[in-house]
Amino acid sequence: MRRRTFLFGSAAAAGGLVLGYRAWAASYERAAIGQVQGEGEHLLAGWLKISTDDTVTVYVPHIDMGQGTHTALAMLAAEELDADWSKVRTERAPGEKTFANQFLARGWIIEDRKFPLVDGAVDMAFEEIARVIDLQITGGSTAVRMTGRFGMRRVGAAARAMLVTAAATRWSVPAAQISVRDGIVSDQASGRSARFGELAEAAARLPVPHGAPLKQPGEWRIAGTSPGRLDIPAKTDGSFGYGIDLKLPDMLYAALRSAPVHGGRLIDADLAPAKAISGVVDVLPLDNAAAVVAPSWWQARRAVDALELRFSNGDAKVLDGIALHAAQDRALSEIDGTDMVDIGDTVEAFEAAAETRRVTATYRVPYLHHAAMEPINITAQFAEGRLTVWGGEQDALGTKAKLVELSGLSGDAVTFHGLAAGGSFGRRIPVSADYLDQIVPLARAASPRPVKLILSREEEFTHGAYRPALATVMKASLGRDGRPTAWLQTFLAGPTRNEGFALPYTIANQSIRAIDFATHVRTGTWRAVAHTQHAFWMESFVDELAHSAGQDPFEYRRSLLPAGSRERKVLETVAEKAGWGTALPTGHGRGIAIAESYGTIVAEVVEVSLRPDGMPHVHRVVAVVDCGTVIHPDTARAQVEGAILMGLGAALFEEITLDAGAVVEANFPDYPIMTMAEAPIIEVHFVASDGAWGGLGEPGLPPAAPALCNALFAAGGKRVRSLPIRRALEQTS
């Protein structure tokens, strides 16, 4: 998503939508009602429905991947609605343009800026542009800070106003004297009251008001508390439905084997061995793979293993780690690039410094796999000219658009049912979901029976869409006081979002340059995206500068952060909470790091020691978070904890490597992740802030790797510049 795209699109949409707006809006309202409204149910404000039994169902345009955002978004809607929380439920919004996420579009572009005279037209423009670009994605830690703040609050407030108007009309009293609380609409003057379910039908016939007043946070009774998450009971008793659990009548299963080298093509296939296996329904040669359809996935997998296939290697040129690093070094030496930051006269300031006051370092990060617990799966049925697909994709509407393109069918002939996912971390978005290319021909081959494609662990590990392997060269010069006089950085930017390179520190001369870099290996978004590598590079290098200056790493950072800034407060608070400067057991070290991502500032202190085998033992992590506003404190804490564990595990162990151009790691034994036994004590503290709402699904991850590496240096003197730490320490031992 690019702001410029939204701005141009919104301007065009605003101009073109003035004529015929009433008919246009009404058509989508009718479509929404037809898609979600059942007997005794009434849709209000387009995103929530109220049943005659008072149940309030909030439609959420985001996937449940375990983040808890469905509960948080429902809380914001229920807060403004003044609903009885015990009667609130959520459902994932249908993957249809009717439920395109205009709130995300608005929040991304104009945030909380208001346009009193034309705000209705602005909303109208964002509604249409969201539909044009099929916007319903989950990513970028946007659910609560954008959909919640700019959407669910307004939806709840609008629905409340509609219920009040319906009651005022029924009782012939002024709306101003009516109050709402816990699902009851009351007129204290006459003593009359009505439940939501009694007023819903009349309210649903009213126009949706624009700009219904919102509560102030001090008035909240639901938001800011930690009620039990709505998804936990079903996840506890096993009734929660993931894609892997889906069973349809007469369903078939598919397994496949892809070209070992990304970009390779199937050039020869002996399909007879697979066809000879009992029960096999079909064997399909595909562009870059071969697939088998059978009554069970185990049969399909056995048949795939029996196939004799020959693949090309595509255009692979980087065949192993040595070649990868050589290619990175060549790219970093290029003169051409894109200036991301250019402040002052950096070259002159750097060259003016004495050689002894210059610091240079090269950092590298490896390819990283998403390694979600639920295997990648997708189910499809092609019958009577229609394609119906079920899956735990992060972007239901975008997935439908891709399926329309792949199938050649019209939008009306394709239906996508979004399910929950057992983890994803950026893997299951259309641009990375290569398995969508394969499910369409499989559905046609199995027609009219439904078919579920499940990728084996080996298939998913070796054919993922990884966090890019990238590198950077960093240089800095120090003044007599040890503070940086110049910061020069050239970094490789992968094909995914280029973000996170801006420095929070006050440095007069800065030159930060990006060079595009890609290999034949397929890459995609990974939790926190480019913030993962940039935080590691920046905060590791700042630590090196502090050491070169002979100064304490915390005090050094503090001196470079503007007084009174949110960043400085977060840094000072984490140092206080972690007991920075207090004595540690012999052999222990503390490291500190701070990073901003997705509107949230997080600082972390890691305490570590070295085991007898030279590997790290992480004892404790203290995190301080400024996300502006916390909606569900318990879930917010859990998200930060999970992000820290993922960041530590990636820094310690995780990497995807190549041999002859093919991925080596084929399953969890080859790709260890952090286990519960290795997990440290984690403390998470939130600081009060009047800053804009920030995200929480990802920001806890970026500071983990640099804080850990800085702690290792403090504990044993080894400076880690290349991840994972396991590999770096093995190479220096």
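**Note on the predicted model: cores, sheets and helices**

1. Leaving aside its neighbours within four places in sequence, M152 is in contact (heavy atoms within 4.5 Å) with W47, V58, Y59, P61, L73, L76, A77, F103 and T147. M152 belongs to helix α6, residues 143-171; helices (H or I, at least four residues) and strands (E, at least two) are DSSP runs, numbered from the N terminus. M152 counts as buried because its relative accessibility is 0%; buried means under 20% relative accessible area, exposed over 50%, and partly exposed in between, with a 1.4 Å probe and protein chains only. M75 lies 77 residues from M152 along the chain, and their C-alpha atoms are separated by 8.7 Å.

2. On the basis of the note: this is a predicted model, in which local features need pLDDT of at least 70 and side-chain atom pairs count only at pLDDT 80 or more, while totals for chains, interfaces and linings use all residues. Residues are numbered from 1 along each chain as its sequence is written, and side-chain values use heavy atoms, with hydrogens and water left out.

3. The largest nonpolar core has 102 residues, of which W487, F541, L708, L723 and I725 touch the most other members. Helix α19 (residues 633-652) gives the most to this core, with nine residues. A second, separate core of 53 residues includes M152, along with A45, L48 and M162. A nonpolar core here is a set of buried Ala, Val, Leu, Ile, Met, Phe, Trp, Tyr and Cys residues joined through side-chain atoms within 4.5 Å. In soluble globular proteins, nonpolar side chains tend to be buried together.

4. F541 touches V359, T360, A361, Y363, M474, K475, A476 and W487, neighbours within four places in sequence being left aside. In strand β20, W487 is the bridge partner of A476. Strand β19 (residues 470-478) and strand β20 (residues 484-493) pair in the antiparallel sense over seven bridges; two strands pair if DSSP finds at least two bridges between them.

5. β19 and β20 belong to an open sheet of five strands with mixed pairing, in the order β13-β21-β20-β19-β14. Its edge strands, each pairing on one side only, are β13 (338-343) and β14 (358-365). From one strand to the next the twist averages 10°. For such angles, axes are lines fitted to C-alpha atoms, for helices over the stretch in contact, and the angles run from 0 to 180 degrees between N-to-C directions.

6. Another open sheet, of four strands, has the order β22-β23-β24-β27 and mixed pairing. β22 (588-597) and β27 (681-686) are the edge strands, each pairing on one side only. The twist in this sheet averages 15° from one strand to the next. Strands β23 (residues 600-610) and β24 (residues 616-626) run antiparallel and are joined by 10 bridges, and E604 stands opposite A623 in β24.

7. Helix α19 lies across β23, β24 and β27 and runs at about 130° to β27.

8. Is D543 buried or exposed? D543 counts as buried, because its relative accessibility is 4%. D543 is found in helix α16, residues 531-549. The side chains of D543 and R557 are joined by a polar contact of 2.9 Å; a polar contact is a pair of N or O atoms within 3.5 Å, where within protein one must be able to donate a hydrogen and the other to accept it, and residues adjacent in sequence count only if both atoms are side-chain atoms. Not counting residues up to four places away in sequence, D543 touches P553, R557, I592, N710 and R719.

9. Strand β16 (residues 386-391) has five of its six residues buried. Five bridges join β16 to strand β15 (residues 377-383), and the two run antiparallel; Q381 stands opposite T388 in β16. β15 and β16 form a hairpin with two residues between them, and E384 in the turn has a positive phi of about 55°. Strand β17 (residues 414-418) runs parallel to β16 and is joined to it by five bridges, with V389 opposite F416 in β17.

10. In helix α7 (residues 196-204), the buried residues include F196, G197, L199, A200 and A203. Seen down the axis of α7, its buried residues fall within an arc of 155°, so they line one face of the helix. The arc is that of the directions from the helix axis to the C-beta atoms.
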